[in-house]
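This report is meant for a reader who is meeting the structure for the first time. Please look over the sequence and the model below before reading on.

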Amino acid sequence: MTTSLADHLRTLPDESLAALLQLRPDLVVPVPADVSALAIRAQSRVSVARALDGLDQFTLQILDAARLTRDPQGGGTTVEAVLAMATAGSHPPAPAAVRGAVDRLRALFLLYGPEHDLHVVGGVEEVAPYPAGLGRPATELDPRAAALCADPAKLRRTLLAAPPSARAILDRLAAGPPIGTVPAGALEAPATGTEDALPPDLVNGGAPTGSPIRWLVEHRLLVRMSGGKGGAGTVELPREVGLLLRRDSGPLGPLRTSPPVVATPAREAKAVDSAGAGQTMEVVRHTEALLESLSEEPAPVLRSGGVGVRDLRRMARNLGLDDGIAALLFEVAYAAGLVGELDLTGSSHARYGGDQQILPTAGYEVWRAASLAQRWEQLARAWLTMTRQAGLVGQRDDRDRPISVLSAEAERAGAPAARRSVLAVLADLPPATAPTPDEVLELLDWRAPRRARGRETAHREVLAEAAQLGVTGLGALTSYGRLLLAELTDADERAEDPLGLRSDAESGEPSTAVRALDALLPAPVDHFLVQADLTVVVPGPPDPALAAELEVVAEHESAGGASVHRVTTASVRRALDAGYSADDLHSLFRRRSRTPVPQGLTYLVDDVARKHGGLRVGSAGGYVRSDDEALLTEVQSDKRLEPLAFRRIAPTVLVTPYQVQRMLTALREAGYAPVPEDASGSAVLSRPKTRRAPARVPAAGRGLDPLAAPRLPLPRLLGVVEQIRRGEAAARAARRAPAVVRGSRAATGPAPAHTHSDALAVLQQAVRDKALVWVGYVDAHGATASRLVRPVSIGAGYLRAEDERTEMLHTFALHRITAAVLED
Amino acid sequence: MGEDAGVSGGPLIVQSDKTLLLEIDHPDAQACRMAIAPFAELERSPEHVHTYRLTPLGLWNARAAGHDAEGVVDALIKYSRYPVPHALLVDVAETMDRYGRLQLANDPVHGLVLRALDRLVLIEVAKSKKLAGMLGNKIDDDTIQVHPSERGRLKQALLKLGWPAEDLAGYVDGEAHPIDLAEAGKDGGKPWTLRSYQREAVDAFWAGGSGVVVLPCGAGKTLVGAAAMAEAKATTLILVTNTVAGRQWKRELVARTSLTEEEIGEYSGERKEIRPVTIATYQVLTSRRGGAFTHLDLFGARDWGLVIYDEVHLLPAPIFRFTADLQARRRLGLTATLVREDGREGDVFSLIGPKRYDAPWKDIEQQGWIAPAECTEVRVTLTDAERMAYATAEAEERYRMAATARTKLPVVRALVDRHPEDQVLVIGGYIDQLHQLGEYLDAPIVQGSTTNKERERLFDAFRSGEIRTLVISKVGNFSIDLPEAAVAIQVSGTFGSRQEEAQRLGRVLRPKADGRQAHFYTVVSRDTIDTEYAAHRQRFLAEQGYAYTIVDADDVLGPSLPSFD
């Protein structure tokens, strides 16, 4: 067959070959050496899979019809046979539609050859093993099943005799795929107990009982395939049985020549754009808030990559965002180049043991200065093209570890394609059509079933994210979203054209999407309304100058279409600290306010300003104070003291940046008589110091006879006697421990087991008798020690015992006790 | 707002924190307010921009009143000046959709049942630990029996779970008793009629079955109560904050309805009467003997057809618990503010009922039903000696020192003298200071220890004009009807309580016979914590649209006043 495709290709004119290469561009990367190489590649699994991925459901079904109608020997089929099969169902499609599908398949060279001898390229079998979801013919599976299938009457009777639970399994397999797994033992063991009415879950292999399957296998309606491990096996529905079961809908199953129709009524285009534009303002504002919070407190990068769940959650909570939305914004901001990692290795800023932090990049500054629409466009472009699936954040990976934001686990190469295909569905609908998510999924499933199946979750996420980012509004694609999408698609097509110009994103001109969005967004305002409750309302997005002023003089309270700020004592103080004077503030409010400035605000500013700076703080090296103001004036004006740079901070106080000692010397040299003070204000007296050696006990003074013992007075002596007596009593009490306890470990190495268990027995007896025991043990430093104690309890590996002498409760780890001897 | 408001769009700005800013000078502002009032709660109404808030409770209130999510979204989009974020619209729709998925209903066979319009919700809540013990047998997939005694607690718990139930189980009529409004005038009194907003409030309450009517002090809440009783024509239990307020209710009911003195009982610390209409104080109901609430039986003493809660925002926690058992009775809550300083607004919603009527203060004032008030803050400068004493005082003493500064006395006198024609109330929080003021102004004092009899006497004398100036303590905060008081001077308060300030202002807001201007002065010590607390208290009134004027004490005293000391 390979040769015949190659032969066929060889006979084609150049234009037809070029058309093929245009439809399947992957065939020319790299450029094949000759036509047979091209033919081989066109039939390769990868290339065929790629070609099939792009086909809609109906075309795939027609391909299946071609496969099913092939002559088992020669391998060829005809357009007539395909038409006959496709129109066999109860709702036959128009023949023209079938022919159209055949033409598409022939253009792609998935089918080739003349109309009366069509061939299916090899590779299709490998890529899609079960045509139309039907099993192999019974003859290929099992001779007994083949015998049953060869007798249509008997087959029908057997089918009708199937119990309802078995019939449910059959219907499910007939809808495709035709194979199912059965759990271990399901086929061997006869059913115990009552028959389960529910069909077993074949796909998940969770059959609760084997009985319906056993019945089917025994009656040859299912064929058991090779057994898997542990007795689990696979069953296949023979093609003939499947076709019989599909006799109502036709052999190919239900056919739909055109995509499903969206039933949801269209929205008002204005409402869609308005809701979307509102959302774009939100997303830009939230992103900015997120980046601001990162700028204040950068997020540490985990060793495994990404930002930890806890950090993300904290940020989300602070911003009042849902975790999922925060993750999405984080990913988008990263993709847009607004945040990046900063390497901290060796830096003092390294915390949490991490050596990288995430914080806003220099690009953030540029972004922040751009218009709202431009900022949104940058985010939306980043989202459309990023190879990340933000919806995975917070879920568990294969090893049951949470997937963190910016980590490698959330990387999905197919993400941009998924977004493109979902949005393409919306874009192809009439404007302002808002299909439900289910309808979108249905459309995707028809347009490219091989791509859509299994990606339903990801596609739903795309819809949710598009709504979140304001690409859609009220479920429909917005006008500016449509333009942005078109721009990206154009850019792609140009990129494929080697002579195409680069996209105009770099030309500095705002794109059409930005212009469309700009028209929807409110214009910046340069005024506000001040009210008696000291709130300041900016009735729209503030222009940058106004925003900067408000940031200083008022606290932010609520944001959205407008922003609400409140002037508080703290905010006024902040403004004063930042260099505003009370008059500046008054004039600012007068200038910017569209309404009369309430008296309360004027009072607040004046009150705070009056108290502001009521205390002045500074530092000085030293001070000179005097009750004689004239004297201080003299000191201050003394030319010789000019180097001290005195400043008078009160009528009676001068300060200097220089140290006290230098000031003292200078003042004295100038003929003044200063006295230094210490921290508490008392005078420090200083006398000239003379050098002396350290004190020592004089040799003399011990009496005449240095060797004679000193004579003590009687009370001292009595005290000494008392001390001796006490020592005697203590020594008696502290009798020495028996030898076995003393150093038994040091002598014999590790305590033998029997000694240890003996010791335990002794201790237990002692607990019962409340007797005194000598306990030998190894302390934490490995030294042996012993102690006379009265055990109180033994438990949890510890001995608790009381030392009567010190009246302390001691705890000994049992494994450290080497010996125990009862005190007699 | 200026002339380009019409060009730039609607009067409403939707914020992402679910507040709505309404620019009231906009030509469409009135229409917009009518459109959003059913679902958004008015939070602040200063002079230019009113703030409404979308809360789950508010949205559910709207659902209860028959508004749907589509209508709410349409109103937001229609009046919004700027694009409304999609996420917010989705959230509004989803929140509203949660109300009424569960219904409490009366099943002819099984009695009280919880019925689900959404089976999954029922499964979800039935599993919740919070509902343990409240639900009975499962009748079918969508219906679970409920113990009738758990009706209130179940509603509370469901609200907490975010699935508020619609209570369709109805009410018992209670023991019938003829009550009519005596609008023709009684015993030679002048004919009168219910004001339009009072009628609207009663109608809204009656249509809803149970709920709360929010009206400012002085707007005639008692009459709303009386009209509700006339609607119910059944025995009524009225719960009030204190005995004096109870007597005012009684007086008003005797004057305005067909009820006679004998039909109205007082159930208080002093008297224990149970009559067809019984007025009880919160205090006596929550008093305990040996750890048990001994007067709880009052709720079961008669087959009450209506229970009225005066000043709902002060309802003590134990009454909530009793109220949970009263779900089959009609309940009317009356208050000037739903702000509870303990944040139990949700319990008011689930146990007494949704808010049925609300009108902004300023509107009612504009209609002339409450006296317009001028609020003035008088700042006195402490003497140096007082400043020194204040500076060295312990932190917990500071407020008292600042609030009770003797420097305030001449200022208060000057203020009293400024209004020689008016009845003046001087309100303070510290007894010592009140005594000083009493002596200084030569005015009688009403305080906590004053007997009810003495109080009544003084209030009567004040009403009749015999006494021109009255010094009152915190007892003046609530439910004292002194309609002739036209000037209130506040000298000290409870730290920064917002509610207190509103209640005190309410004292002078009763409409005056000649439509005079009411004055509310608050005297504060400059540069002390007193000013800070005053600012906090005033915020509430500023948010209600009452702008304070600040004046200096010297301007009040005038140049010729001899110095104190």
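The model is a predicted one, and every value given here was computed from it. Where chain A and chain B meet, 36 residues of chain A are in contact with 32 residues of chain B. On the side of chain A that touches chain B, at least two residues each are supplied by helix H15 (269-296), helix H23 (456-469), strand S12 (535-538) and helix H29 (599-611) of chain A. The largest share of that side, nine residues, comes from H15(A). Sorted by class, the side of chain A that touches chain B holds 16 nonpolar, 16 polar and four charged residues.

Helix H23 of chain A, one of the elements named on that side, also packs against another helix of chain A. Helix H20 (residues 415-428) of chain A and H23(A) pack at an angle of about 70°, and their axes are 9 Å apart. Because angles of 65 to 115 degrees count as roughly perpendicular, H20(A) is described as roughly perpendicular to H23(A). H20(A) brings A:Ala418, A:Arg419, A:Val422 and A:Leu423 to this contact, while H23(A) brings A:Ala458, A:His459, A:Val462, A:Leu463 and A:Ala466. By class, the contact of H20(A) with H23(A) has seven nonpolar, one polar and one charged residues.

Chain A also contains helix H5 (residues 57-68), whose 12 residues should span 16 Å at 1.5 Å a residue, in agreement with its end C-alpha atoms, which are 16 Å apart. H5(A) is mostly covered, since 10 of its 12 residues are buried. Among these buried residues are A:Phe58, A:Leu60, A:Ile62 and A:Leu63, and also A:Gln57, A:Gln61 and A:Asp64.

Turning to chain B, there are 23 helices and 25 strands in this chain, and of its 565 residues 50% count as buried. Among contacts in chain B between residues at least 6 apart in sequence, 71% join residues at least 24 apart.

How do helix H13 (residues 317-324) and helix H14 (residues 345-352) of chain B cross, and at what angle? Their axes come within 10 Å and cross at roughly 25°, which makes H13(B) roughly parallel to H14(B). The crossing in which H13(B) passes H14(B) is left-handed. In this contact B:Phe320, B:Thr323 and B:Ala324 of H13(B) meet B:Asp347, B:Leu351 and B:Ile352 of H14(B), and by class the contact has four nonpolar, one polar and one charged residues.

Most residues other than glycine have a negative phi. A:Ala645, however, has a positive phi, near 50°, and so does B:Glu311, also near 50°.

Key:
Residues are numbered from 1 along each chain as its sequence is written. Chains are lettered from A and ligands numbered from 1 in the order in which they are written. This is a predicted model: local features need pLDDT of at least 70, side-chain atom pairs count only at pLDDT 80 or more; totals for chains, interfaces and linings use all residues. Two residues are in contact if their C-beta atoms, placed from the backbone, lie within 7 Å. Helices (H or I, at least four residues) and strands (E, at least two) are DSSP runs, numbered from the N terminus. Ala, Val, Leu, Ile, Met, Phe, Trp, Tyr, Cys and Pro count as nonpolar, Asp, Glu, Lys and Arg as charged, and the others, Gly among them, as polar. Axes are lines fitted to C-alpha atoms, for helices over the stretch in contact, and angles run from 0 to 180 degrees between N-to-C directions. Angles under 35 degrees count as roughly parallel, over 145 as roughly antiparallel, 65 to 115 as roughly perpendicular and the rest as oblique. A crossing is left-handed if the near helix is turned anticlockwise from the far one by less than a right angle, and right-handed if clockwise. A residue is buried if 20 or more other C-beta atoms lie within 10 Å of its own, exposed if 12 or fewer, and partly exposed in between; C-beta atoms are placed from the backbone. The expected span of a helix is 1.5 Å times one less than its number of residues.
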